[in-house]
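Open the structure in your viewer and keep the selection tool at hand.

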Amino acid sequence: MEQYQVVVDRVAGAARCVLLLGGIDSGKTTLARGVVAAGVAAGRAVAFVDADPGQKTVGPPATVGMRVIRAAEDLEAGSLARPDALVFVGSTSPQGQLLPLVVGAARMVQRARDEGADLVVVDTSGLVSGVYGQILKYHKVELLRPDVVIGLQRGEELEPLLGVIRRFFSADVVSLPVHPDVHPTSVEERAANREVAMAAYFAEPLQRWRVRPTVFMPSLPALFDLAQLDRLLVGMSDGDGGYTGLGYLEWGADEEVLRLISPVAEGPKALKLGSVRLEEGFRARRVDLRNLFGTD
Ligand SMILES: Nc1ncnc2c1ncn2[C@@H]1O[C@H](COP(=O)(O)OP(=O)(O)O)[C@@H](O)[C@H]1O
Ligand SMILES: [Mg+2]
């Protein structure tokens, strides 16, 4: 559609930070890739920040990933999936993870700038409605200060959120209709995508390390039963505010040891506990750490 191309050409030439907003299957990722490709073609240093922890483009599930695109071939799916930097969100769903999502997206935009990107394209999750959707996106705009926000909507579904952004911020807010060729996915398809992506991340060869119970954030309560951490997803800290990748914990009942399993070659400096447990087939089941710890 003509109006898409007009927006893509305009932002690819002049914008510094573009934030894409829209519900599930509204064409955010496709348009984000289009903006990135047009920016690269225009000779700009472009970075893709993938702040959708569920349906990933850059990095493994449950993360915000950042990739600097230096050449057109970096845009091919297999290449784009490899992050230059990532932040662990803790879950494949934004529910209950608004803080790490917003902070993580801001950190990844900063990392992109540090790497020399002058156009940063930020793709997001489909959580745009309700109080949490608005709070998430409001604070994302507050921290990222995009100069262009592109909203993809069916009918007027995004108007409440776009209205909030227009009133509170000076970003140029562009509204586009969802493209008629967008192919909607089912809840089951999206769940299957997440499982396939998680299983692919945890493909052999895997490293195994013994872990001490003192390395966690949040820290474990006194007398905590370590068996409860079995199959919990964790983020592996690089000790410098970033993450080297994901792992999961395994409780060895026979030897009474806790192990970390991960494809990352180097052992972590510390571990951030996730809010999902990896079940059979790498399906992620939600865990509330407050319930697990029996605290507030
Ligand atoms: N402009 C378009 N033309 C044709 N197909 C599209 C277009 N935009 C998106 N799609 C298809 O629709 C589906 C959902 O698009 P996607 O960009 O992944 O949406 P979102 O990131 O908002 O969930 C994908 O299969 C994608 O290939
Ligand atoms: Mg997407």
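Predicted model: local features only at pLDDT ≥ 70, side-chain atom pairs only at ≥ 80, totals over all residues.

**Stop 1: the largest pocket**

Select Asp52, Gly54, Gln55, Lys56 and Arg190. Of the 48 lining residues, these lie nearest the centre of the largest pocket. The space here is about 1200 Å³.

Now colour the lining by class. It holds 17 nonpolar, 19 polar and 12 charged residues.

Next, show helix H2 (28-41), helix H7 (187-201) and strand S14 (284-286). Each supplies at least two residues of this lining. Which element gives the most? It is H7, with eight residues.

Colour domain 1 (2-182) and domain 2 (202-293) separately. Both give residues to the lining, so the largest pocket lies between them.

**Stop 2: the second largest pocket**

Select Gly96, Gln97, Ser275, Asp288 and Leu289. They lie nearest the centre of the second largest pocket, which 18 residues line. Helix H4 (98-114), strand S13 (271-278) and helix H8 (289-293) are the elements that give two or more residues to this lining. S13 has the largest share, four residues.

About 420 Å³ of space lies here. By class, the lining has nine nonpolar, five polar and four charged residues.

Where does this pocket sit relative to domain 1 (2-182) and domain 2 (202-293)? It lies between them, because both domains give residues to its lining.

Note on methods: Residues numbered from 1 in each chain as written. Chains lettered and ligands numbered in written order. Heavy atoms only, no water. 1 Å grid on protein atoms, 1.4 Å probe; cavity = no way out; pocket = protein on both sides within 12 Å on 5 of 7 lines; lining within 4 Å. Points joined across faces, edges and corners; volume = space filled by probe spheres on them. Nonpolar A, V, L, I, M, F, W, Y, C, P; charged D, E, K, R; others polar. Domains from an automatic or database assignment.
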